[in-house]
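Please keep the sequence and the structure at hand.

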Amino acid sequence: MSFFFIALLSALWRWANLSDLEVFARMVDSFFSMAKLSVEVMILLFGTLTLWLGFLKIAEHAGLVEKIAGWLSPLFRRLMPEVPKKHPAVGLITMNFIANGLGLDNAATPIGLKAMRSLQSLNPTPKIASNAQILFLVMNASSLTLLPVSIFMYRAQQDAADPTLIFLPILLATSASTIAGFFSVAFTQRIKMNDPVLLTWMLTIAILLSAFIFFLSHLSAAALGVFSSFLGNAALFGLIITFLVIGVLRRVPVYESFIEGAKEGFDVSKNLLPYLVAMLCAVGVLRASGALDFTLDMIRYLAHSFNWDTRFVDALPTALVKPFSGSAARAMLIDTMTTHGVDSFPSLLAATVQGSTETTFYVLAVYFGAVGIQRARHAVACALFADLVGVLASIAVCYWFFG
């Protein structure tokens, strides 16, 4: 509702002060274009969900999800106390985080939706998001990606001298956004951060992540690009083979289990469209009203007033639209690269922002829409805070590396 109200105010201002007679026509057109986009996104999700939930059902019947849940129960009992010990949701959440970290979007979303449905089975108020669901969604929306292969690809397409130049800036910025998202939820939900088990897990994860960053930072640009592509594709195919092999060894009826899971994917998919249409149409009308352009002009004016270096402002279109639309953010990134040069400061910053933030409202619509949640509570505020920290960290890191 607030999106439409802001769009209306922006449109009235443009009509009255700038004599923009086409603003309302653009807003109406955005309804139809976003409705069409919703269907296109739904078709892609339809096939992806059906495929991956089929494989996940094999892993579930083989006991793999339960095994992972047993390993990680001590940690998740602290983070999500309402989730019972060894509940399947724990294993699914872990697999989703791994897929996200490796940039495997095609696998991460179906696994995440399966995890959200599993958490929903524990939710005493099905229309209102539980604490566990909010923590899971915010961690997804904080976009921890260890190998941003798609960003490397965009830079390579624009003939960058070193497509992987922004690897470390993205890794630092996305780590900052994920930490901010986690601590904002922990503060809101009063999670006891001084628990010895939780501290041990956090320290272990920090050490492993630091070691991984150290290893990757010593690879050449060519080696890093090859390693990123290989690891992503090998992990994706290896995950499928692992599910199948364990299923066969455990004497699971593999084909029948796949069909059972695929049918479940069909049921999840058909419930998503109304939520996607509502969210994307709201985002479309906000963009068409000129509200985002007005925000950008205000930031530029304030930067000039304080005599700041204003180069960062040229990268902000990507940051402003990323929470609303991934495709729009990609378009903004490519436009920035084309206009300013692929290795210019605005382009490097835009690429870093693209790799360290997430399409928050899309994630919200898909994950909560899949289980019928209508009240998100503090999920949106915490996710947007993580996005804001990701953008500010991107600016700081890029001035440090390239400024």
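**Aromatic pairs**

Tyr399 is partly exposed, with a relative accessible area of 25%, whereas Phe345 is buried at 6% (buried means under 20% relative accessible area, exposed over 50%, partly exposed in between, with a 1.4 Å probe and protein chains only). The ring centres of Phe345 and Tyr399 are 4.6 Å apart and the planes stand at 40 degrees, so the pair is tilted. Rings of Phe, Tyr and Trp (its six-membered ring) pair if their centres lie within 6.5 Å; planes under 30 degrees apart count as stacked, over 60 as edge-to-face and the rest as tilted. Phe345 belongs to helix H16 (residues 345-356) and Tyr399 to helix H18 (residues 379-402), so the pair ties together parts 54 residues apart in sequence. Helices (H or I, at least four residues) are DSSP runs, numbered from the N terminus.

The whole structure holds 5 aromatic pairs. One of them is tilted because the rings of Phe136 and Tyr367 have planes at 55 degrees, with centres 6.0 Å apart. Phe136 is buried, with a relative accessible area of 0%, and Tyr367 is also buried, at 4%.

**A buried lysine**

Lys114 sits in helix H5 (residues 105-120) and is buried, with a relative accessible area of 10%. Beyond neighbours within four places in sequence, its contacts (heavy atoms within 4.5 Å) include Leu53, Glu60 and Glu264.

**Basis of the values**

The model is predicted: local features need pLDDT of at least 70, side-chain atom pairs count only at pLDDT 80 or more, and totals for chains, interfaces and linings use all residues. Residues are numbered from 1 along each chain as its sequence is written, and side-chain values use heavy atoms, leaving out hydrogens and water.

Methods. Helix = DSSP H or I, 4+ residues; strand = E, 2+ residues; numbered from the N terminus.
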